[in-house]
Amino acid sequence: MKSARAKGLHGDDIDFENTWGTLASAFREIHTKNASRLSYEELYRHAYRVVLKKKGEDLYKRVLGFERDWLSTEVHNSIQALLTPNLLVSAQAVGTSNTNERRVAGEKFLKGLRQAWGDHQVCMSMLADVLMYMDRVYCQDNRHPSIYTAAMVLFRVDILNHPVSDTDARAVLDLLNRVILDQIQMERDGDVIDKYLIKMCVGMLESLHEDEAEAEDQRLYNTSFELEYLTTSKEFYRKEAEFLLRDSDAGAYCRHTRKRLDQEEDRCKSTLSEVTTPKIQKVVEHELIKNRIHELVEMESGVRFMIDNDRLDELELMFDLNSRVDDKKMELVRAVQKRIVEMGADVNNAAVAASTAPAPAPDAPDKGKGQPQEKNSNQQTIAAIKWVEDVLQLKDKFDGILRTSFGMDQPLQTAVTRSFGDFINSVSFPRSSEYISLFIDENMKKGIKNKTELEIDAVLEKAIVLLRYVQDKDLFERYYKKHLCRRLLMNKSISNDVEKQMISKMKIELGNNFTLKLEAMFKDMTISEELTSGFKKHVEGLGDKDPKRIDLAINVLTSMTWPLETMSSGDDEEGKRTKCHFPPALERIKRGFEKYYSEKHSGRQITWLANMGSADIKAVFPKVPQKDGTTKERRHELNVSTYAMVILLLFNELPADQHLTFEEIQAQTNIPHSDLVRNLQSLAVAAKTRILIKEPMSKDVKPTDKFFFNEGFKGAFLRIKVGVVANGNKVESDRERRETEKKNDDSRGFCIEAAVVRIMKQRKELSHQQLVAETLNQLAAQFKPEVNMIKKRIESLIEREYLERIEGAKVDSYRYLA
Amino acid sequence: SWNVEAAANSFFSGGTGSGGSSASKSSLNKLFDKYREDPTNSPDKVNADGSMKYLNDINADPECLEYIAVAEIIQAPTVAEMTREGFVDGWSALGCDTISKQKAHVESLKRSLPTSLEAFTKIYKFTFGFAKPEGSKQVLLDFAIAYWELLFESPLSAVKWTLPNSPWSQWWAEFLRTSVKQSISKDVWTETLKFAQMTLNDESMSFWSEEASWPSVIDEFVDWVKKEKRPAEEVVDEEMEY
């Protein structure tokens, strides 16, 4: 044995053909799964010896030749046996054939192929063991792929790339791809398929390469199957999108898309390969979202519908889908903004419609001229309050959507805020500032009654929320001052504390400057209280108590702080400066106060605004026969305007049967014409407060009318309030609004000029564009001036030689002239 | 080498070096004296009569652009007025100390003005001060319109503000008469020349922008031209407004 071995090792007389014959028959046994009888060691030795005798190349070629034969005959035939007509129908005809049969045939084919591949791998690893020495010596020395690898390539060449049959030139690989795609399509249509089986076939494609180079990116899976998969999926989803857009609603579309995305992800994990996940996601996103997002958003059941019907989950889906294809979510943003502006415009229009609707007809003809107007103004106030509530409701709605559906996404938050600003500051709706102020006014006067601190705070916060959107803060300030002025002077405010709470909220929101004047108004009120009580003490200290003494409560208002013009009747300029003639008793106390005041604050001038005061007077109506037959004396406490008091006092001196004409009253009191008319209407026309009798009796007051004291007056209550027509905070008429806006524009002019001068003083030289931009910037917290207005102010400053143009500058520029 | 004598002469005769000699100044002073109406009460001033006579002597038409050019040279404070200082300094700087020299200068001005933008700009700027009442900062609208007409429509103008399809200067006057403006500020005056030059290069006014620093009266003019004179081009805009 030893010698034989030595001979074998060293002799040249090895019979290659013989040895190969032994090996080949053993290999055949392996391929036919009869390997159990073989001796591995013996076979190894044969192969070893052949290689040792430098016959490695021959052996390598023989083995490959053997494998080629085996694959192209035995294996090929077994694959052929799997092909059924059902399987071979062309791709176009797939739809018409029976799905179930096709699936079964497909599975059979896949199983056969997987079997063949599995067998090939097993056999080849056994062969590789036998041929280990060849691999190690011959293949390595000659840089040939290992026999296993080379045999795997043969599977691609001789099985997969081989035509299906003599009559069908398609490669088996193509058929394989088609079958897998067909199976996946079945799954997409709801069938259950053998995912594991496909995964095995995919595994085969992943371990084979397009060519001998075996580059990483040239795996058969990627170069063949995956490409087709992506192409057919693209087509499939393109059609599906079309179909869904036509036959489905947007919510279902979103849900379906989401499902498809999840499915594809699962499919890559369970059936295909995870390297495909991002690619197929992209295809789905592209076909179902990116290419369709506009149509989807715009569908009848799209974003608008979802917003209107609070489909928060669908909006969330929409948000998710849009984010996948667009960081900025442009389509969603656009649709949401459009809807906000539309809904905002509806709220605005409803407010305008409500405030301009014809007033309900007065129920009784003799209610006095003021009645219908009063109702009208109430109606307007109601419209204003409804507007505020509606806007807040809209805001709540979109806050909810932002929170629940859009995950507080920053771009969408910004977009929502901008759109609210857009409709609140819409040019076609110049009432926001006024309405918000009125909302606060109404709550200060009535709304907060019986509310807890928490509830009150919520109401105030609402106003602040809206205020944040208002661009023209200066206009709001104007209205707020006007409304506050009336509240304070007419004692309409329920709680001083709440008023101050509101001020401090505005201070936080809008800064110190904004609330300065408002706070000054409160300060005036406090000082006035002190003055009133101080003066009362002062009078008491003067000596004997006069039983007929008149109590004086006084408000001293700093003229620049208070918008006093808003308190006058409005239509007469003359009224503001004419002085009313007070009766002696009043004149006395007036002088007394002036003296008292000038001692405390010398150098200040007091102007008496009789049109703004009121008086409580005790009236005794004599014993005259009444309609009900009694003749009792009647006492009433009348709350009247200061003017009405002055008028009534005239009748104290007059015998009952005598009269005064309108002209006489006017001459004696010097009350401005329109104020006098309105007060006489209250005293002699209004049914419940007819303390005077007018002749002739009519609604209108004419210069020749005669007035008598109404001795027979009888009121239902002890205290009677004689109202004066039209006094209260209400929505402005168009004319008033134009006036307010003009006043506002004038004061804006000053603000702009001041800002321009400030900027130029600091910068000395600046281009026109920069100056405009900086001016806008400086004033942003107060209001947004029109560029044209800034230009006019600059022009005026040039004329007044604060600025000059820099001649020859490249861009239009100005220089500050110190 | 230093020419001390020449430098000293130059210094004493006005210090500018280019100024006329004292000799020419004295002849200019004598020339000025000839036109005075009231030598005792206003020895350094010539009024309407003298001015007219003088203009006639140098062959300058008081209704034409050359008159403004002359007025600029002698820095006339306002129309039909001359001051000694302006007359003597202005002409001596040009070396024109006799009527015939001045006449020749006017002739040469008439030839050169239409092509000299620089000279025209100088005259244009001078005109504002010349046209405004003493002590005022503005030119009354009627005067402004008249001078603009003279400056922009004169055959001698270097900026003839008119085009075959856009009689700008006439439009400008027409627009100003319909506007509420009562007087013209220096800024508007200066910017108008700039605007005129630009419209000559860009008839469609595409250079104009609301964002730019044009005085508002020019913004309004642009608007007016678009609406009143070129309504066809504005149709689209108007539709959008409604």
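**The core and its surroundings**

Mentor: The largest nonpolar core has 128 residues, and those touching the most other members are A:Ala47, A:Cys201, A:Met318, A:Val336 and A:Ile436. A nonpolar core here is a set of buried Ala, Val, Leu, Ile, Met, Phe, Trp, Tyr and Cys residues joined through C-beta atoms within 7 Å. Buried means that 20 or more other C-beta atoms lie within 10 Å of a residue's own; exposed means 12 or fewer, partly exposed is in between, and C-beta atoms are placed from the backbone. H6(A) gives the largest share of this core, 9 residues. Helices (H or I, at least four residues) and strands (E, at least two) are DSSP runs, numbered from the N terminus. In soluble globular proteins, nonpolar side chains tend to be buried together.

This is a predicted model: local features need pLDDT of at least 70, side-chain atom pairs count only at pLDDT 80 or more, and totals for chains, interfaces and linings use all residues. Residues are numbered from 1 along each chain as its sequence is written, while chains are lettered from A and ligands numbered from 1 in the order in which they are written.

Look at A:Met318. Leaving aside neighbours within four places in sequence, A:Met318 is in contact with A:Cys254, A:Val303, A:Met306 and A:Leu332. Contact means that the C-beta atoms of two residues, placed from the backbone, lie within 7 Å. There is also a second, separate core of 47 residues, which includes B:Phe120, B:Phe130, B:Leu151 and B:Phe221.

H8(A) spans residues 147-160 and reaches 19 Å from first C-alpha to last, close to the 20 Å expected at 1.5 Å a residue. That expected span is 1.5 Å times one less than the number of residues.

Now chain B. Its secondary structure comes to 12 helices and 4 strands. Of its 242 residues, 28% are buried.

The chains meet too: 11 residues of chain A are in contact with 9 residues of chain B. H30 (768-779) and H31 (787-799) of chain A each supply at least two residues of the chain A side. H31(A) gives the largest share of that side, 7 residues.
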